[in-house]
Amino acid sequence: MFAAGLWDYSSDGRVSDLLPFFYFMVQVAPLMLVELSEFAYFKLMRKADSRTRRKAELHPRRLFDFISPTIFGTAIFMNIACIFYYLYIDQFQFHWGNDTFVISIALIAMNALFAGIIYWNLSGKKMDPYQSSKDRIRQIENTVKSLVFVSIGASIFIMVTAGINEFNLDHLEPSIMSLYLQLIALVSVGTRLRTLRIENIDFDVYKEDVSVP
C-alpha cells in the first residue's frame, strides 16, 4: 500500500485503484490451488479405479436443464448491450485498438472460455469416477449458473466503469471494483457452498464393495 501511494504521488498514473483486485486475487489464491490440486487427485482416482462394470445415465444433459432460458437470454442481452454502450461512447466508431474493439474481444474471449467450461461439464467425462449421478447434476447446475451470472455481472461492471470514466467519477472506481469482486465471490463461491452441502453428498459410492473378490 505504501508503494502504491508513493507511485501515485510521484507519477501521473494511478495504481492504487487496482488494490481491491490484488487483494481479491490473494484471497482467492488458496481456492485456485485447491481446484488445481483436484485435477491431479481425481486423475489418480481414475487410474486406481479397477471396476469392470460401471453405471451411466442414459438421459442426455442439456443446457436448459440447468438454467432457465430467460437467465441465459439475459446474459446474451447484457453482453450485446455492453458492446453497444461502448459503441455509443465511441460515437459508433469501431476500429483496431479503440475501447469498443478491446471490450468486444474481451467479452468474446471470456464468454468463449465460460462456454467451453459449460460444454465440458455437460458432455465431458466426470473427473470423479465414483461420484453419484445426483451429485454430478448438482455440481453441473452450480457451475452453469455461476458462470452465466458472472457473465451478466461482468457486462454490468464494464458498463458502470465506462460510465464512471465518462462522467469523471474516477474516485468511485475502487469502491465499485471492490463491490463487484465481492459479488463475484458471493455468486461463485457462495453459491457453491450453499448448493454443494456436505450433508447432501452421497459418500456411499466411495465405500469398498466387499462383494467383489
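Guide: We may begin with Phe 92, which is exposed, as its relative accessible area is 57% and the cut-off for exposed is over 50%. Please note that this is a predicted model.

Visitor: Where does Phe 92 lie?
Guide: Phe 92 is found in the loop between α3 and α4. Its phi is positive, at about 55°, although Phe 92 is not a glycine.

Visitor: And Gln 91, is that one buried or exposed?
Guide: Gln 91 counts as exposed because its relative accessibility is 63%. The loop between α3 and α4 holds Gln 91. Phi of Gln 91 is near 55°, a positive value in a residue other than glycine.

Visitor: On to helix α4, then. How far apart are its end C-alpha atoms?
Guide: They are 36 Å apart. Helix α4 has 25 residues, 99-123, and at 1.5 Å a residue it should span 36 Å, so the two values agree.

Visitor: Which residues of α4 are buried?
Guide: Among them are Thr 100, Phe 101, Ile 103, Leu 107, Met 110, Phe 114 and Leu 122.

Visitor: What do those buried residues pack against?
Guide: The buried residues of α4 pack against α3 (69-89) and α5 (133-166).

Visitor: Changing topic: which residues make the nonpolar surface patch?
Guide: Leu 18, Phe 21, Phe 22, Met 25 and Met 32 make this patch of about 450 Å².

Visitor: Where is Phe 22 placed?
Guide: Phe 22 belongs to helix α2, residues 19-48. With a relative accessible area of 47%, Phe 22 is partly exposed.

How values were computed:
Residues numbered from 1 in each chain as written. Predicted model: local features only at pLDDT ≥ 70, side-chain atom pairs only at ≥ 80, totals over all residues. Heavy atoms only, no water. Helix = DSSP H or I, 4+ residues; strand = E, 2+ residues; numbered from the N terminus. Expected span 1.5 Å × (residues − 1). Buried < 20%, exposed > 50% of the residue type's maximum accessible area, 1.4 Å probe, protein only. Contact = heavy atoms within 4.5 Å. Patch = residues over 30% accessible without salt bridge, like charges linked within 9 Å, V, L, I, M, F, W, Y side chains within 5 Å. Areas by Shrake-Rupley, 256 points an atom, 1.4 Å probe, with all protein chains shown as cover. Salt bridge = Lys/Arg side-chain N within 4 Å of Asp/Glu carboxyl O.
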